[in-house]
Amino acid sequence: INALKRVQGDASRKERDTRSFDLVRRCADAFTEQAAGVRLCTDAIQSKAVTSHDRAFAYAYRAMSRGFNLDEYKLALADSDKALQMNPNIAEAYFARGRIYAFRDFNRAVENLNRALTLGLPQPLLAPTFSMRGHLQLLLALKDKNNNLNELAARDFTQAIKLDPSYEEAYRGRASAKKAMGQTAAAQGDLAQADRIKAQKP
């Protein structure tokens with residue numbers, strides 16, 4: 001994933017040299033590898049070759065890498081906060097915070113994911129973000145006994161499926177939302193599709 005490709009068009013891009021951008025791009029591309037992502041992002045953050053603009057993105061992607069490990073949630077939160085302190089318009093930092101809060105504060109998680117989507121996330125993060133927000137809406141609907149949130153969850157899962165038709169988790173999430181709304185047959189259809197996708201996986 002060339003997650004920082006969208007940054008290239010920035011007006012401030014002229015101020016950054018290729019070395020700075022490449023260091024942060026490598027860290028962004030490796031964020032799902034967790035330990036490797038943390039290491040590469042730390043290298044970028046500490047490098048004198050990296051500009052302040054790019055360093056903010058390195059903090060955001062290190063937060064995303066650390067977000068995979070519940071034991072590092074405080075470090076992940078600190079990294080996302082640092083990124084937003086340096087640049088309050090980094091969607092990836094809000095995505096990272098949303099994922100961190102998803103384990104502790106559903107409402108704050110949704111707020112951060114909303115902000116991430118408003119600012120504009122890289123394409124590979126869109127389906128996971130809609131799916132994550134859908135799951136949070138389901139949990140809030142159960143907690144608050146609010147069926148309107150089930151409808152919002154179903155919409156989020158539908159959007160995730162439109163972005164990635166092979167997203168098994170989104171079909172299962174939408175099935176849960178439909179079941180909660182009394183749409184049993186539609187829920188069974190989504191579960192059947194999820195099972196078909198799972199069976200096709202290597």
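Guide: In this predicted model, Q137 is found in helix 7.

Visitor: Why does Q137 count as buried?

Guide: Its relative accessibility is 8%, and buried means under 20%, so Q137 counts as buried. Apart from neighbours within four places in sequence, Q137 is in contact with V110, L149, L152, A153 and D156.

Visitor: What makes the pair of F31 and F68 stacked?

Guide: Two values matter here. The ring centres are 6.4 Å apart, and a pair needs centres within 6.5 Å. The planes meet at 25°, while stacked requires under 30 degrees, so the rings of F31 and F68 form a stacked pair. F31 lies in the loop between helix 1 and helix 2, and F68 in the loop between helix 3 and helix 4, 37 residues apart.

Visitor: Is F31 buried or exposed?

Guide: F31 has 6% relative accessibility, so F31 counts as buried.

Visitor: And why is F68 called partly exposed?

Guide: The relative accessible area of F68 is 36%.

Visitor: How do you know that the charged end of R99 sits over the ring of F68?

Guide: The charged end of R99 is 4.2 Å from the ring centre of F68, and the distance limit is within 6 Å. R104 likewise lies over the face of Y73, at 3.5 Å from the ring centre.

How values were computed: Residues numbered from 1 in each chain as written. Predicted model: local features only at pLDDT ≥ 70, side-chain atom pairs only at ≥ 80, totals over all residues. Heavy atoms only, no water. Helix = DSSP H or I, 4+ residues; strand = E, 2+ residues; numbered from the N terminus. Buried < 20%, exposed > 50% of the residue type's maximum accessible area, 1.4 Å probe, protein only. Contact = heavy atoms within 4.5 Å. Phe/Tyr/Trp six-rings, centres within 6.5 Å; stacked < 30°, edge-to-face > 60°. Lys NZ or Arg CZ within 6 Å of the ring centre and 35° of its normal.
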